[in-house]
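Reader: I have just opened this model and would like to know what the terms used for it rest on. Please walk me through them.

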Amino acid sequence: MFDFRDKKTEPDAPVAEVKSQLRQWPIQLHLISPAAPYYQGADVLLVADCVAYALGSFHMDYLKGKSIAIACPKLDEGQEVYVEKIKSWLDDAKINTLTVLIMQVPCCMGLLNLAKQAAQASERKVPIKSVVVSLQGEILSENWV
Amino acid sequence: MLEDYLNTGIKAVISQFPDVAAILEEYDIGCAPCSVGSCLLKDIVKIHHLSDEDEQALMARIAGVIDPSRPVKAPAIPRSRPAPPQAIAYSPPLRKLVDEHVLIKRLLALIPRVVENLDVESEEGRRLILRTVDFIRSYADKYHHAKEEDILFRYFDENLDILKAMREEHEKARSHVRAVLDALEKGDREEIVEHLNAYRELLSEHIRKEDEILYRWMDRNLSLTQVGGLFSQFTEAEEKIDQGVIEGCKTFIVELEEKAWDSKKER
């Protein structure tokens, strides 16, 4: 457990409304269909559930212009379906790129491993990037897989 | 004035102020041996992505050479020694090109052995030259340079001097290969050796520039969407080429290396 309440935050200055960059629904990986039109040829984000809460600039810096699915590699059941869906993004939806955003906690690595498994099993290859976010929302690493 | 030279080709700057070459060299900017040298001074500084401090110090030193009467004070920051080489994280499409360079560099390393004791009168000697030329044309040119010229360079402003320089070097490489074949026709051993060595020298420097400077600069300027598009276009281009030919090129290098190794052992 970590308590960040002492963390200094920006003063409550008036800011322009931050628009949502979400362009689809649903977003949970069990609920989405890889055949949905917004995945066709898209730059897709596969995001661990906690990332959007930790990363303050998630909408503008990552979600903008992309399609998304979220999942939790620690708590979600039926993850073999996840591998099939990611594989279908690559082979059937012919996505352009896949970016996997995870938290720095060890269990989150499972999501990246699911993406790697799917990529190995797929016939079509695409660039895959992994982004690791710290508990306090810093980008710890951004690497091509 | 330094400002007057920012839009001047680097070869012209170096020819007027030879000391500039040594200063660039100190910052690992190897323009002096470049065979083209048409890149502008300002673009060279930009493309090498120096730290702000290094860029300021470099420009101050060049200004001091160009106009010694108006010395510009360089910031009192010592030039940090180059960091130990690290694996560079190229994007997947540029990684493909860097990996292809490895096979080409293996051929370049073998050229001294190819030309050593080359007998153009014998069937074996002639076949060796023809297979070398076939590797260069099929793998280095058709498979690799074509991906750069027909796909990669089109993601950027093709009027950039650095891209014009790269195309020009590809053309020079092709002209060396044509010259090798002409010389083979005439049975002129010396000319074959001369052009193969010139090809080796040209491509070694060309690949170094691409790996260490150009591709890194490109990666900094490509969006995620462009990286995906580039990767997919490279894959399509590869699928159009007979994989048997590519495998044959790889086998040729392995055989040549084995032969070189055996002859070394015999000595």
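Author: Start with A:Ala115. Setting aside neighbours within four places in sequence, A:Ala115 is in contact with A:Leu46, A:Ile86, A:Leu98, A:Val100 and A:Ile128. Contact means that the C-beta atoms of two residues, placed from the backbone, lie within 7 Å. This is a predicted model: local features need pLDDT of at least 70, side-chain atom pairs count only at pLDDT 80 or more, and totals for chains, interfaces and linings use all residues. Residues are numbered from 1 along each chain as its sequence is written, while chains are lettered from A and ligands numbered from 1 in the order in which they are written.

Reader: What makes a nonpolar core, and how many residues has the largest one?

Author: A nonpolar core is a set of buried Ala, Val, Leu, Ile, Met, Phe, Trp, Tyr and Cys residues, joined through C-beta atoms within 7 Å. The largest has 44 residues. A:Ala115 is among those with the most contacts inside it, as are A:Leu46, A:Leu101, A:Ile102 and A:Leu111. A second, separate core has 23 residues, including B:Ile10, B:Leu41, B:Ile47 and B:Leu97.

Reader: Why is A:Phe58 called partly exposed?

Author: Count the C-beta atoms around it. Buried takes 20 or more others within 10 Å, exposed takes 12 or fewer, and partly exposed is in between, with C-beta atoms placed from the backbone. A:Phe58 has 19, so it is partly exposed. Not counting residues up to four places away in sequence, A:Phe58 touches A:Val51, A:Ala52 and A:Leu63.

Reader: How do you know that the reach of helix H8 of chain B is close to the expected one?

Author: A helix here is a DSSP run of H or I with at least four residues, numbered from the N terminus. The expected span is 1.5 Å times one less than the number of residues. H8(B), residues 161–186, has 26 residues, and 38 Å is expected. From first C-alpha to last it reaches 37 Å, close to that value.

Reader: Which parts of chain B do the buried residues of H8(B) pack against?

Author: They pack against helices H4 (41–47), H7 (123–150) and H9 (189–221) of chain B. B:Ile162, B:Leu163 and B:Glu169 are among the buried residues of H8(B). Just after H8(B), B:Gly187 takes a positive phi of about 70°.

Reader: What does each chain give to the contact between A and B?

Author: Chain B gives 10 residues and chain A gives 8 residues. Helix H10 (residues 224–240) of chain B gives the most to the chain B side, with 7 residues.

Note on methods. Helices (H or I, at least four residues) and strands (E, at least two) are DSSP runs, numbered from the N terminus.
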